Amino acid sequence: MHTADLRALHRLMLVARRLDEEAIALQRQGVFPAYAPAKGQEAAQVGSAAALDLNRDFAFPGYREIGAAVAMGVDLVAYLATHLNTWHGGLYDPQASRLAPINAVVGGPVTHAVGWAMGAKLDQTGGVALSYIGDGTSSQGDVHEAMNFAGVYQLPVVFFCQNNGWAISVPTERQVAGGSVAARAAGYGFEGHRVDGNDVVAVFEATRAALDRARDGGGPTVIEAMTYRMGPHSTSDDPGRYRTLEDEQAWAGRDPLALAARQLSASDVAEAEEHATAVVREVREGVQASPAPDAEELFSFVYREPTKALLEQQRAWKESLDA
């Protein structure tokens, strides 16, 4: 990979890191009700998402993929404003960005990705689905069913597992039988590969190869990116209760931003910091200026045909406004 490409990837990772830090600050200030930090996983997310062809492919995130959103050029104000919990599924345009709505259902995006991949195969679009999962998510029944279905029909889908070492507070070795998510791919009849999830170039190349293989009819791939969640599982979590400071410090030496920065000049890194600072300022101001939703939306989009009880609640609410 050329230095210019690494410079671009590092720039994206730094924006993701600084936005992640800002999101935590906004949660602590009471702006967001909750947030799932992604610190330490920037290389896995940016490297994989940057490999996509946004004219044909589609990514399906969970609730921790801010790096993917940055790399895919998603409207970052609209993306982070989703955490205000003011709209159904998010404020950005999934169809235009090629990033499905944030999904808090563990394992939920995997079935969506496989369904989309089946459609892409039938329509012969050449598109590939990229489904983000974690090592904890890989133990969900939906994931096994989706992988088996994808293997049977040889669908164009890449299952991208960010193995960050912890399923909330449960270590990987206590919830992944056999010790490897990538090794499971063989049981479903397709390829599985482990990659250094803190090496953005390695992640990019592994993902691009898997996407090309799927596009050429080679079927699915599991990529297991070995990384580390440097922060808490969520803003209500205390990782000090289940892991050691020594472990955290050891992984800090493998910080993906630092690894990339070592291959760049000091001026490159300084320019990236300046750019990230400007992006964060713009996003923060945009999020804080986001208008509150119309309260009547509480009664919208719940049922295709509103129930009698819902209509009565809506009527009572309107009467309370007039009282």
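Predicted model: local features only at pLDDT ≥ 70, side-chain atom pairs only at ≥ 80, totals over all residues.
**Entry 1: strand E2 and its partners**

I started with strand E1 (residues 58–60), which runs parallel to E2 and is joined to E2 by three bridges. Strands here are DSSP runs of E with at least two residues, helices are runs of H or I with at least four, and both are numbered from the N terminus. Two strands count as paired if DSSP finds at least two bridges between them. Across from Ser131 in E2 I found Phe60.

Residues are numbered from 1 along each chain as its sequence is written, and side-chain values use heavy atoms, with hydrogens and water left out.

Next I looked up strand E3 (residues 157–163), which pairs with E2 in the parallel sense over six bridges. Gly134 sits opposite Gln162 in E3.

**Entry 2: how covered is E2?**

Six of the six residues of E2 (residues 129–134) are buried, so the rest of the structure largely encloses this strand. Buried means under 20% relative accessible area, exposed over 50%, and partly exposed in between (1.4 Å probe, protein chains only).

**Entry 3: over the helix**

E2, helix H7 (residues 141–153) and E3 form a right-handed β-α-β unit: with the strands pointing away from the viewer, the path from the first strand over the helix to the second runs clockwise. I also picked out Phe149 in H7, which is partly exposed at 36% relative accessible area.
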